[in-house]
Amino acid sequence: MRKINYVATFFISALLPVVVLAQDTLMINEVRINTSVVKQYLLRSTTAAAIIDSVQLQRQAVVSLVPAMNAVPGIRMEERSPGSYRLSIRGSLLRSPFGVRNVKVYLNEYPLTDAGGNTYLNVVAMNAVQRIEVFKGPDGSLFGANSGGVVCINTIGKKEGAVAELVGGSYGFLKQHFAVAKKTGKHFLNFGESFQQADGYRDHSKFHRLYLQLADDWAYSKNKRLKIFAFYSDVFYQTAGGLTLSQLEADPTQARPATSAVPGAVVQKAAVYNKMLFGGITHNLVINKYIENTTALFISFVNFKNPFITNYETRTEKTYGARSFFSFSRSLTATGNSNLTYVLGAEWQETRSMIGNYENNGGLRGILTASGNIISSQHFAFNRIQLDLNKKLLVEAGLSINYYGYRFRDSTRLQSDFKPEWMPRLAVSYSPLKKISFRVSGSRGYSSPTTAEIRPSDNNIYPELRAETGINMELGLRYFAIGNKLWIDLSVYHYQLKNAIVRQENVAGQEFFVNAGGTNQKGLELQSSYLFLQPSQRKRFIDKLQLSNSITLNNFIFRNYRLVNMDYSGNKLTGVPVCTIVNSLTVETAMGTRLFIRHNYTSSVPLNDANSIYAHPYNLLQISLSHPVLLKKCSLEIYGDMDNLLNQKYSLGNDLNAAGGRFYNAAGKRSFLIGVRIVTVRKISTLKTN
């Protein structure tokens with residue numbers, strides 16, 4: 001029966017006009033990728049890129065980024081419990097017990113991923129996010145070491161005004177948000193504040209986060225500007241721990257119970273306490289009409305505590321670095337239809353980590369059992385040339401050289417410097433007509449083991465871990481037609497990864513990592529949208545009707561993967577569903593009332609390398625309804641959100657290769673939210689953006 005449902009769901013979705021990745025379809029041909037080093041129209045981009053903007057995020061109550069990110073083909077974001085996120089691009093979950101690895105993340109032009117390879121994504125308040133740009137597949141020619149892809153998050157608005165929001169709902173959820181932006185002389189100031197808390201669906205899964213953000217864009221002369229950005233985040237969440245299948249079926253709300261050898265999560269008060277202070281300054285200089293330079297300096301401080309079931313870990317981390325690049329652009333013809341662009345730059349980071357491991361005496365720090373003093377450093381030089389001929393043929397060639405090393409300054413006195421790795425990328429996009437483009441690309445992926453993998457939670461050191469490397473080949477098509485109503489984006493790729501890093505778990509539940517022989521990853525990603533009714537000046541009850549869909553098909557298998565006496569070659573990649581289908585419907589009336597419906601089907605997921613245990617497929621249904629009230633000087637929006645309406649029993653964030661069969665972290669059942677948002681917007685800033 002399950003197989004019939006899977007086949008039916010796939011074919012029904014395939015027949016539908018297939019995720020809007022950017023703004024409304026009316027503007028899709030004008031949507032631009034706008035990171036600090038990549039500025040080009042999405043339609044002609046040589047990259048399998050995706051854009052999630054504030055319009056999409058506000059279609060639903062922003063509890064987390066999980067639903068919006070999972071609507072993008074090739075992306076899988078998980079939440080084991082409130083605040084405990086994992087993010088992967090094209091099957092990079094093998095290395096992520098929590099957080100983000102194998103993917104490079106930037107926040108407002110600054111690397112949020114530290115030199116040790118870890119990313120604390122959950123420190124960023126979801127309300128602060130204005131725009132997300134995702135580059136799928138390895139792209140080291142501009143962004144350095146990664147084998148999964150790159151995510152660029154922007155939290156700075158470009159409109160003057162203020163917004164205030166208050167939301168409450170099931171499982172003790174409460175969110176409050178305030179932000180204001182104002183242009184004063186040559187300054188454009190942004191301030192934001194957000195607080196969010198939840199009791200969680202399961203026992204021992206409380207969460208709260210305080211987030212403060214300040215930014216200033218100072219255009220102090222005609223060709224010079226200075227940007228300052230800082231945020232402080234205080235995150236706390238309890239970790240309920242994984243359950244066995246029998247425990248999940250008996251009571252999915254329970255925390256991990258005690259065994260004869262190991263105490264439970266509640267008794268040990270297992271939780272994460274993470275405080276992070278981040279600051280950066282960016283200077284942009286237009287040297288002449290052809291050349292400009294952008295230079296950024298950044299620093300961050302992290303105070304991390306994790307009373308776990310088997311130990312109590314503390315980490316004090318300091319990261320500092322710099323990024324600078326020159327951009328040269330010149331027209332090759334008098335008409336300006338052909339252009340040459342060249343980017344040359346470098347990025348450097350160093351992270352100093354002081355790690356202490358103690359006995360956990362019921363949530364209190366006990367006797368010191370191990371310690372570490374680690375300095376991780378990485379730097380890379382990059383360049384890319386882009387040739388645009390007659391607005392039809394776009395050729396890009398890029399190359400970076402990447403350095404990574406770490407030093408243990410404690411009693412182990414261990415040092416390792418990985419050999420420099422070249423990461424080339426060659427890509428071509430061709431547009432025979434203005435509304436269609438074909439693309440082909442080849443790139444090399446590289447990702448060194450992170451500090452948390454070399455010294456994982458079992459407190460042992462694994463210097464034999466090798467870096468992942470791989471070659472990705474990709475074809476793509478984008479099509480925008482039928483009266484500007486239809487948008488299609490198709491990607492087909494083949495990625496061969498060597499020395500894939502895989503998470504394992506010992507009997508005590510402590511993690512460690514090994515190199516698998518490699519993976520063979522073939523995938524298809526299809527996304528599009530069809531606008532049945534577009535807003536018009538004619539008065540009609542339904543003013544807009546838009547149907548969107550995304551399909552992700554993964555054929556990911558291990559190759560040459562042998563561990564002890566087991567051979568997992570030919571098995572499906574752990575933690576990766578074969579198929580994910582997301583359908584979305586947006587209906588708007590002339591009065592501004594908006595109905596948004598999203599359905600997510602995710603097929604079964606292998607939970608261990610042996611493929612002997614699978615998580616069941618699930619169907620998630622979400623509905624959001626909002627209505628605006630226009631006041632004299634502001635607009636007020638009242639909205640409600642209903643999640644998991646089908647009351648599915650599923651795990652969103654499985655513990656892979658978990659010892660004792662503790663794979664499952666039960667997600668919440670049916671839940672409801674209601675909120676109010678007040679917005680005052682005066683005008684769009686006239687400041688030139690970079």
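This is a predicted model: local features need pLDDT of at least 70, side-chain atom pairs count only at pLDDT 80 or more; totals for chains, interfaces and linings use all residues.

Reader: Ok, pick one for me. How are Phe236 and Tyr273 arranged as a pair?

Author: Phe236 and Tyr273 are tilted, with 45° between the planes and 5.0 Å centre to centre.

Reader: And which strands do Phe236 and Tyr273 lie in?

Author: Phe236 belongs to strand β14 (residues 224-238) and Tyr273 to strand β15 (residues 271-286), so the pair ties together parts that are 37 residues apart in sequence.

Reader: Is Phe236 buried or exposed?

Author: Phe236 counts as buried, because its relative accessibility is 14% and the cut-off for buried is under 20%. Tyr273 has 34% relative accessibility, so Tyr273 counts as partly exposed.

Reader: Which rings link up into a cluster?

Author: Tyr110, Tyr211, Phe229, Phe231, Phe278 and Phe298 are linked by ring pairs into a cluster. One of them, Phe231, also turns up among the residues with the most contacts inside the largest nonpolar core.

Reader: Let's stay on that core, then. How many residues does the largest nonpolar core have?

Author: The largest nonpolar core has 50 residues, and Met69, Ile132 and Val151 join Phe231 as those with the most contacts inside it. There is also a second, separate core of 19 residues, and that one includes Val37, Leu43, Tyr106 and Val343.

Reader: What does Val151 touch?

Author: Leaving out residues up to four places away in sequence, the contacts of Val151 include Leu87, Ile89, Val103, Val105, Tyr106, Ile132 and Val134.

Reader: What's the strand order in the open sheet?

Author: Five strands, running β3-β8-β9-β6-β7, with mixed pairing. The edges are β3 (48-53) and β7 (110-111); each has a single partner strand, so one side of each is left without a neighbour in the sheet.

Reader: Switching topic: charges over rings. What sits over the ring of Tyr493?

Author: The charged end of Arg90, at 3.9 Å from the ring centre. Another case is Arg330, which lies over the face of Tyr290 at 4.7 Å from the ring centre.

Reader: How many residues of β27 are buried?

Author: 12 of its 16 residues are buried, so strand β27 (residues 518-533) is mostly covered. β27 also pairs with β28 in the antiparallel sense, over 14 bridges, and the bridge partner of Thr519 in β28 is Phe558.

Reader: Ok, and Ser233, which strand is Ser233 found in?

Author: Ser233 is in strand β14, and Ser233 counts as buried at 0% relative accessibility. A polar atom of the Ser233 side chain lies 2.7 Å from the backbone oxygen of Val123.

Reader: What else does Ser233 touch?

Author: Not counting residues up to four places away in sequence, Ser233 touches Arg209, Leu210, Tyr211, Asn274, Lys275 and Met276 as well as Val123.

Reader: Last one. Where is Asn306, and which backbone oxygen lies 2.7 Å from a polar atom of its side chain?

Author: Asn306 is in strand β16 (residues 291-307), and the backbone oxygen is that of Ala271. Asn306 is buried, with a relative accessible area of 16%. Setting aside residues up to four places away in sequence, Asn306 touches Ala271, Val272, Asn311, Tyr312 and Glu313.

Key: Residues are numbered from 1 along each chain as its sequence is written. Side-chain values use heavy atoms; hydrogens and water are left out. A nonpolar core is a set of buried Ala, Val, Leu, Ile, Met, Phe, Trp, Tyr and Cys residues joined through side-chain atoms within 4.5 Å. Buried means under 20% relative accessible area, exposed over 50%, partly exposed in between (1.4 Å probe, protein chains only). Contact means heavy atoms within 4.5 Å. Two strands pair if DSSP finds at least two bridges between them. Helices (H or I, at least four residues) and strands (E, at least two) are DSSP runs, numbered from the N terminus. Rings of Phe, Tyr and Trp (its six-membered ring) pair if their centres lie within 6.5 Å; planes under 30 degrees apart count as stacked, over 60 as edge-to-face and the rest as tilted. A charge sits over a ring if NZ of Lys or CZ of Arg is within 6 Å of the ring centre and within 35 degrees of the ring normal. A polar contact is a pair of N or O atoms within 3.5 Å; within protein, one must be able to donate a hydrogen and the other to accept it, and residues adjacent in sequence count only if both atoms are side-chain atoms.
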